[in-house]
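I opened this notebook page to record what I looked up in the structure. The entries follow in the order in which I made them.

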Amino acid sequence: MTAYILALIGVSLNTAAQLFLKATTNVVGVISFENGIINTATKVLSVPAFYAGMTCYAVSIVVWIAALSRLPVSVAYPLLSVGYIVNAVLAYFLFGEALTMHKLLGIGFIIIGVVLVVRS
C-alpha cells in the first residue's frame with residue numbers, strides 16, 4: 001500500500017508542477033526565443049509559479065524513486081497516466097480549458113487501462 005501511496009504522491013507532484021508551469025506561461029505569454037534566450041529566461045525566472053513548479057518536479061523525482069524501489073516499473077509507470085486525468089480536470093477549473101466529450105472518453109479509457117495494469 002505504501003508503494004501506491006508514494007506513486008500517487010509522485011504523480012500529484014508532477015501534476016502540480018505542470019499546472020504551475022502553465023500558470024507561469026499565463027503570466028509570461030507565448031514563449032519565443034526571437035527576443036533572445038536571456039530575455040525569455042529573465043521573464044520566466046521572474047514568475048514565482050516557475051519556482052513552485054520546479055520544486056514540485058524535484059520532490060516528485062525523490063518520491064518517484066522511492067515508489068520505484070517498491071513497485072515493478074511495469075506497474076508504476078502506467079500510474080503516471082493518472083496525472084493526465086487530474087491535469088485535464090484541474091486545467092478546466094483553473095484555466096478554463098475545454099473538457100470535451102473526446103477528452104472525457106479518453107480519460108475513461110485511461111482509467112480502464114490503469115485499473116487493468118494495477119490489478120494484473
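Predicted model: local features only at pLDDT ≥ 70, side-chain atom pairs only at ≥ 80, totals over all residues.

Entry 1, threonine 24. I began with this residue and found that threonine 24 is buried, with a relative accessible area of 3%. I note the cut-offs: buried means under 20% relative accessible area, exposed over 50%, and partly exposed in between, with a 1.4 Å probe and protein chains only. Threonine 24 lies in helix 1. Leaving out residues up to four places away in sequence, I found that threonine 24 touches Val44, Val47, Ala49 and Phe50; contact here means heavy atoms within 4.5 Å.

Residues are numbered from 1 along each chain as its sequence is written, and side-chain values use heavy atoms, with hydrogens and water left out.

I looked up pLDDT, the predictor's confidence in each residue, from 0 to 100. The chain averages 93, and 100% of the residues score at least 70.

I found 6 helices and 0 strands in the chain. Helices (H or I, at least four residues) and strands (E, at least two) are DSSP runs, numbered from the N terminus. The C-alpha trace spans about 50 × 35 × 20 Å along its principal axes. Of the 120 residues in the chain, 28% are buried. For contacts with a separation of 6 or more, I noted that 75% join residues 24 or more positions apart.

A nonpolar core is a set of buried Ala, Val, Leu, Ile, Met, Phe, Trp, Tyr and Cys residues joined through side-chain atoms within 4.5 Å. The largest one has 15 residues, of which Ala7, Trp64, Leu71 and Leu79 touch the most other members. Helix 1, helix 3 and helix 4 are the elements that give two or more residues to this core, and helix 1 supplies the largest share, 6 residues. Leaving aside neighbours within four places in sequence, I found alanine 7 in contact with Trp64, Ala67, Leu71 and Leu79. A second, separate core of 5 residues includes Val28, Val44, Val47 and Phe50.

The axes of helix 5 (residues 81-95) and helix 6 (residues 101-119) come within 9 Å and cross at roughly 150°. On the helix 5 side the contact is made by Ser81, Val82, Tyr84, Ile85 and Ala88, and on the helix 6 side by Ile107, Ile110, Ile111 and Val114. The axes are lines fitted to C-alpha atoms, for helices over the stretch in contact, and angles run from 0 to 180 degrees between N-to-C directions.

Is asparagine 87 buried or exposed? At 18% relative accessibility, asparagine 87 counts as buried. Asparagine 87 is placed in helix 5 and touches Thr15, Gln18 and Leu19, not counting residues up to four places away in sequence. Asparagine 35 is exposed, with a relative accessible area of 54%, and sits in the loop between helix 1 (2-28) and helix 2 (37-45).
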